[in-house]
Amino acid sequence: MNSIITKTTLPEISSLSGKENRYDYQDSYRVTINDPKHSVNPATAMQAMTASTPAWITSLMKLRNSLVAVFGLKTGDVSKKQAALPDAFSLQPGMRVGPFRVISSTSNELIAGDEDKHLDFKVSLLVTINKADPQSKDVTLTTVVWYHNFFGRFYFFFVKPFHRLIVKASLRIIRSRFENENATYK
């Protein structure tokens with residue numbers, strides 16, 4: 001099974017897809033996870049991603065928060081660990097999941113994000129059955145960003161390289177959590 005993280009296009013079945021959706025920035029990355037227990041869903045993937053944040057990401061977020069606070073941008077408590085989440089259908093819009101606010105949740109996609117005066121962003125965790133192996137799931141993590149002003153564009157220029165590292169690390173965390181859970185079935 002290929003469990004390499006790959007850059008991909010925005011899946012057409014994502015609620016972020018469509019001609020009416022115009023973004024200033026968009027990226028999508030995918031990983032395939034062996035899932036014989038059928039435990040991979042958007043909520044469990046989000047829980048894995050937010051509960052196991054590596055120290056280097058926490059440190060980067062603390063640095064980011066201290067730098068942007070002087071500009072009046074939103075900051076959050078990055079030291080909190082996410083408690084176990086209910087299934088995807090129990091997630092309600094407005095709930096906080098780690099640093100994200102849930103916008104919508106279905107059985108195969110969780111959309112979360114936030115708004116600030118410099119930019120808005122959304123992330124999609126889309127979980128689909130792998131076409132080559134029905135015992136595996138493809139997890140696609142998509143980020144979309146809208147800039148409100150020059151500062152949003154300037155800010156994201158410096159954030160983008162770290163963003164890509166964090167997205168890939170997040171998918172590795174998700175994959176690792178489920179590979180460890182399913183290890184006895186391999």
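A contact means heavy atoms within 4.5 Å.

**Figure 1. Overview of the predicted protein.** This is a predicted model, in which local features need pLDDT of at least 70, side-chain atom pairs count only at pLDDT 80 or more, and totals for chains, interfaces and linings use all residues. Residues are numbered from 1 along each chain as its sequence is written, and side-chain values use heavy atoms, with hydrogens and water left out. Among contacts with a separation of 6 or more, 64% link residues 24 or more positions apart. The protein has three helices and seven strands. Helices (H or I, at least four residues) and strands (E, at least two) are DSSP runs, numbered from the N terminus. Their order from the N terminus is β-β-α-α-β-β-β-β-β-α. Of the 186 residues, 45% count as buried. Buried means under 20% relative accessible area, exposed means over 50%, and partly exposed lies in between (1.4 Å probe, protein chains only). The exposed surface comes to about 9,900 Å², and carbon and sulfur atoms supply 57% of it. Accessible areas come from the Shrake-Rupley method with a 1.4 Å probe; for residues, only the protein chains shown count as cover.

Figure 2. Seven strands line up as S1-S2-S7-S6-S5-S4-S3, with antiparallel pairing. S1 (6-8) and S3 (96-97) stand at the edges with a single partner strand each, so one side of each has no neighbour in the sheet. Two strands pair if DSSP finds at least two bridges between them. S1 and S2 run antiparallel and share three bridges. Here Thr8 stands opposite Ser28 of S2. Helix H3 (residues 150-181) packs on the sheet and touches S2, S6 and S7 (136-147); its direction makes about 10° with that of S2. Axes are lines fitted to C-alpha atoms, for helices over the stretch in contact, and angles run from 0 to 180 degrees between N-to-C directions.

**Figure 3. Strand S5 and its two hairpins.** Strand S5 covers residues 109-115, and six of its seven residues are buried, so S5 is largely enclosed by the rest of the structure. Strand S4 (residues 100-105) joins S5 through four bridges, and the two run antiparallel. Three residues lie between S4 and S5 in their hairpin. Ser105 faces Leu110 of S5 across this pair. Next comes the pairing with S6. Seven bridges connect S5 and S6, again antiparallel. Their hairpin also runs through three residues. Glu109 stands opposite Leu126 in S6. Strands of a sheet pair through backbone hydrogen bonds, either parallel or antiparallel.

**Figure 4. Val127 in strand S6.** Val127 belongs to S6, which spans residues 119-129. Val127 is buried, at 7% relative accessible area. Neighbours within four places in sequence aside, Val127 contacts Val40, Asn41, Pro42, Asn108, Lys137, Asp138 and Val139. Ile33 is 94 residues away along the chain, and its C-alpha atom is separated from that of Val127 by 10.0 Å.

**Figure 5. The loop between S2 and H1.** Ser39 sits in the loop that links strand S2 (25-34) to helix H1 (42-51). With a relative accessible area of 16%, Ser39 is buried. Beyond its neighbours within four places in sequence, Ser39 is in contact with Thr44, Phe178 and Glu181. His38 lies in the loop between S2 and H1. The phi of His38 is near 55°, a positive value in a residue other than glycine. Most residues other than glycine have a negative phi.

**Figure 6. Arg177 on helix H3.** Arg177 is part of helix H3. Its relative accessibility is 30%, so Arg177 counts as partly exposed. Not counting residues up to four places away in sequence, Arg177 touches Thr44, Gln47 and Ala48. The C-alpha atoms of Arg177 and Ala45 are separated by 8.7 Å, with the two residues 132 apart along the chain.

**Figure 7. The second largest pocket.** This pocket has a volume of about 260 Å³. A pocket is an open set of points on a 1 Å grid over the protein atoms alone, where a 1.4 Å probe fits, with protein on both sides within 12 Å along at least five of seven lines; lining residues have an atom within 4 Å of a point. Grid points are joined across faces, edges and corners, and a volume is the space filled by probe spheres set on the points. The second largest pocket has 13 lining residues, with Pro11, Arg30, Thr128, Lys131 and Asp138 nearest its centre. S6 gives the largest share of the lining, three residues. S6 and S7 each supply at least two residues of the lining.
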